[in-house]
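Hi everyone, thanks for coming.

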Amino acid sequence: MSLLLYAIAECRDPGSITGVGLGGQALSAVAEGGLTAVVSEHAGRPAAAVEALWTYELAIEPLMDHYPVLPARFGTLFESQQAVRAMLRERHDQWARALEGVRGAVELGVRASWPVAPANGSYSSRPNRGTAYMLERLELSRRASALAARIDEPLSKLARARACKVQAHPAVPVTAAYLVDRERMNDFLARVRELDGAIEDAQLVCTGPWPPYSFAQGRQP
Amino acid sequence: VVSVDLVMAGRAREVTLIDLLDRLLHGGVVIHGDITLSAAEIDLVQLDLRIVVAAIDTAAGG
């Protein structure tokens, strides 16, 4: 039986960790040096079916209501409690810094989409015709960058950290994640709504609050 | 997770699922050598294949 890692938490009372993980297994805590790894027993490799991914997510969400947490990438297995303790010990400073960075904050996702392909934007179904294709790609890239700037600049001002991905994609040109102080969440959401109303040629969807998956490695703006 | 519905509900649900996949398979703490996910185990039903496959590729290579 292996141990599946859900998150690393700053938890003063590891005994208070409760919850249910994959396969109905109880969550338990492995503590070392002031850090707590939240794990459950798991036989074999976890299958990343949608239901399992939601179970995993819903096991982590209650934790972040009580402690700073660093969610683990799905499928992170350890052979034993000793191996988990070694991971906490050997990378203690990295985890401690990252936990400090996410304390009191949540992750919010923002995705911008063009509801219809841009003018001349059927490029994905057009044959590659050299210059015309490249010009279309360039125009798509320019539009995506301009859209990202309109979204990312105002939202970054309300966030502690951000990760914004811009791509010359005909449908979803901007995908961003923001680390937002809990007390600023409503301000952030109101700003997203304003932007959604003001930007005529794109739709915005905001999801969350998520555990800080995009900031778990201590990434800063 | 509460999806903030700024567009059609169906579209918001779809985006929430894509966001979930992106985060669990592409984000989070990475402990090198411990990721044992394989693409063959992923349930791709009802998902945007292009986006999901990109995330799986990253996880499998992680």
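Let me begin with a question: in which strand of chain A is A:Val180 found? The answer is strand 8. Strands here are DSSP runs of E with at least two residues, helices are runs of H or I with at least four residues, and both are numbered from the N terminus.

Before going further, a word on what you are looking at. This is a predicted model, in which local features need pLDDT of at least 70 and side-chain atom pairs count only at pLDDT 80 or more, while totals for chains, interfaces and linings use all residues. Residues are numbered from 1 along each chain as its sequence is written, chains are lettered from A and ligands numbered from 1 in the order in which they are written, and side-chain values use heavy atoms, with hydrogens and water left out.

Now the overall picture. Chain A has five helices and nine strands, and along the sequence they come in the order β-β-β-α-β-β-α-α-β-α-β-β-α-β. The C-alpha trace spans about 60 × 40 × 30 Å along its principal axes. Of the 221 residues in chain A, 51% are buried. Buried means under 20% relative accessible area, exposed means over 50%, and partly exposed is in between, with a 1.4 Å probe and protein chains only.

Take contacts in chain A between residues at least 6 apart in sequence: 75% of them join residues at least 24 apart. Contact means heavy atoms within 4.5 Å.

Back to A:Val180. This residue is buried, with a relative accessible area of 0%. Beyond its neighbours within four places in sequence, A:Val180 touches several residues, including A:Gly104, A:Val106, A:Leu158 and A:Phe188. By contrast, the C-alpha atoms of A:Val180 and A:Ala86 are separated by 31 Å, and these residues are 94 places apart along the chain.

A:Ala86 takes us to helix 2, where A:Val84, A:Ala86, A:Met87 and A:Leu88 are buried. Among the partners that the buried residues of helix 2 pack against are strand 1, strand 3 and helix 3.

So what about helix 3, residues 92-102? Its buried residues are A:Trp95, A:Ala98, A:Leu99, A:Gly101 and A:Val102. They sit on the same side of helix 3, because they cover an arc of only 155° around the axis, the arc being that of the directions from the helix axis to the C-beta atoms. The face turned away from that buried side carries the exposed residues A:Asp93 and A:Arg97. On the buried side, the packing partners include strand 6 (105-113) and strand 8 (174-181). After helix 3 comes A:Gly104, whose phi is positive, near 75°.

How many disulfides does a search of the whole structure find? Zero, over all chains. A disulfide is a pair of cysteine sulfur atoms within 2.5 Å. For A:Cys164, the closest cysteine sulfur is in A:Cys206, 13 Å away, so the two are too far apart for a bond. A:Cys164 is partly exposed, at 25% relative accessibility, whereas A:Cys11 is buried, at 6%.

One last detail to look for on your screens. The peptide bond from A:Gly208 to A:Pro209 is cis, with omega near 0°, and A:Pro209 lies in strand 9, residues 203-210.
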